[in-house]
Amino acid sequence: MRDDGHVSHHSSYGLENHGLVNLNDTYWNLTTAQLYEQIVARREGIVAHLGPIVVRTGHHTGRSANDKFVVEESTTKDKICWGKINRPIAPEKFDKLHKRMALQLQTQDVYVQDCFVGADPKHRLPIRIINQYAWHNLFARNMFIEATPEERANHVPEFTVINAPRFHAVPKADGTDSETFIIVNFEKRLILIGGTSYAGETKKSIFSIMNYLMPQKDILPMHCSANIAPNGETALFFGLSGTGKTTLSADKSRVLIGDDEHGWSDDGIFNFEGGCYAKLINLSEEAEPEIYETTRRFGTVLENVAIDAETRRVDLFDNSFTENTRGSYPISHVPNATREGMGGQPKNVIFLSADAFGVLPPIAKLTKEQAMYHFLSGYTAKVAGTERGVTEPQPNFSTCYGAPFMPLHPHRYAELLGQKLDKYNSTVWLINTGWTGGPYGVGERFKIAHTRAMLNAALDGALDNVEFTKDPNFGFLVPQSCPNVPADVLNPRSTWKNPAEYDAQAKKVAGMFVENFKQYADQVTPEILAASPAG
């Protein structure tokens, strides 16, 4: 281990506790500047104009959903919702992979960050991230909550990630589907990641851990962003990729708590993370100035963003490598973010959907039962052309707006949501940021100015006393007027040239909801089932 100025205070709880011995140099808790030096020296990335570091993730430019496993053992066997998402793997397979990974890491350099997940001191979890790559360690430093030198000295992680992209599985021997793997072992409190350089696997693995642990404390873990109004009122924003979750929560007039992962306890909302991981493709300074500014800051990691080799200026509109270009940055890069990472009980909860079929209203108010129904549904839609073979809009249902990261049975998360909504009298709104006047390719996307006006009206109470009507297809209440929004925008049927075509499309989408929800029919109350659209 080096002790020449490259080493910060580190824990007496050594790496041998994770099966790692005979390593070369171990770099403990390097600062951002020190990690920059390592990244450049090892040619892992290059420094862009104004200071961000630009890296490539190889052929894995997103999560490898089919390569994720959970070790099936006595403590998890009856708790995990086993299936397509939470796939079991035997303990002995995990142990063999762990042993081989440790052997490969012998005589190699590794980077360690001892940090925390969970901003609330009552519920924060000490974790350790061990990396082959310096830039992955910088990513971890950005995304999690930094420990003080005093805390590091006695840091004993409750969960540890070993991320070794250059180590590959042997599928036939290891029981994996490919050379890539992400395996969570709750009994050993250890996560192994190999065969992929996509940094988001580390972030989402830790999120899965929190989604397993927090419900045991009656805390609802959420894939959502959160912010605070000037009057102190907190709002939550749920939504899948492309629905506007990060964009709409990044409002300079409100204080950002976090952009992606939170817990809802009896003390309020708390961020799981210490940073943000924003999608950057087509990001503009005019539309999203707060996020745009982070792409010009020292410490930000830009994944698969195009860069001019001569000028070192990045191009956020270039999708040569992937549509899933990403930026990782500490939340301190956001000028209006709270450093404490906590807020009060939410007055408003926003469900975001980008409906490419063009039938959902731009804003609607939900009952508690409708909220639980739509929370379990987690709906948005993929547009044509986003994936090979997708020639028309496709529904995308993701339980709790984050199915790939939810280890427990979905009804447990919905149950917790219902309890919180009851206890704290939160209002739930559905906002459609998708298409109107027809489906994708025919209609047009809702103007962001209108979406922001509707969102602000909901959050500011401007919709409290307006007239609402019941949507005949989906059952929720739609406001008939909203400040700064034309009345015809609020009624999607009136924006279609042929109302009969709208009716047929709405019935089709409602039927998709009904068909998808059959998997939960025996897990929910009759009241929640009654909140179903009229498919």
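A: Let's start with a term for accessibility: a residue is buried under 20% relative accessible area, exposed over 50%, and partly exposed in between (1.4 Å probe, protein chains only). This is a predicted model, where local features need pLDDT of at least 70, side-chain atom pairs count only at pLDDT 80 or more, and totals for chains, interfaces and linings use all residues. Residues are numbered from 1 along each chain as its sequence is written, and side-chain values use heavy atoms, with hydrogens and water left out.

A salt bridge here is a side-chain nitrogen of Lys or Arg within 4 Å of a carboxyl oxygen of Asp or Glu. By this rule there are 26 salt bridges.

One of them joins Asp-177 to Arg-87, with the closest N and O atoms 2.8 Å apart. The two partners lie 90 residues apart in the chain: Arg-87 is in strand E5 (residues 87-89), while Asp-177 is in the loop between helix H5 (171-174) and strand E10 (181-185). Helices (H or I, at least four residues) and strands (E, at least two) are DSSP runs, numbered from the N terminus. Asp-177 counts as partly exposed because its relative accessibility is 47%.

Another pair, Asp-266 and Lys-420, meets at 3.6 Å, N to O. This pair also links distant parts of the chain, 154 residues apart, with Lys-420 in helix H10 (residues 410-424). Asp-266 is partly exposed at 48%, whereas Lys-420 is buried at 4%.

Finally, a network of salt bridges links Lys-203, Lys-204, Lys-245, Asp-260, Glu-261 and Glu-273.
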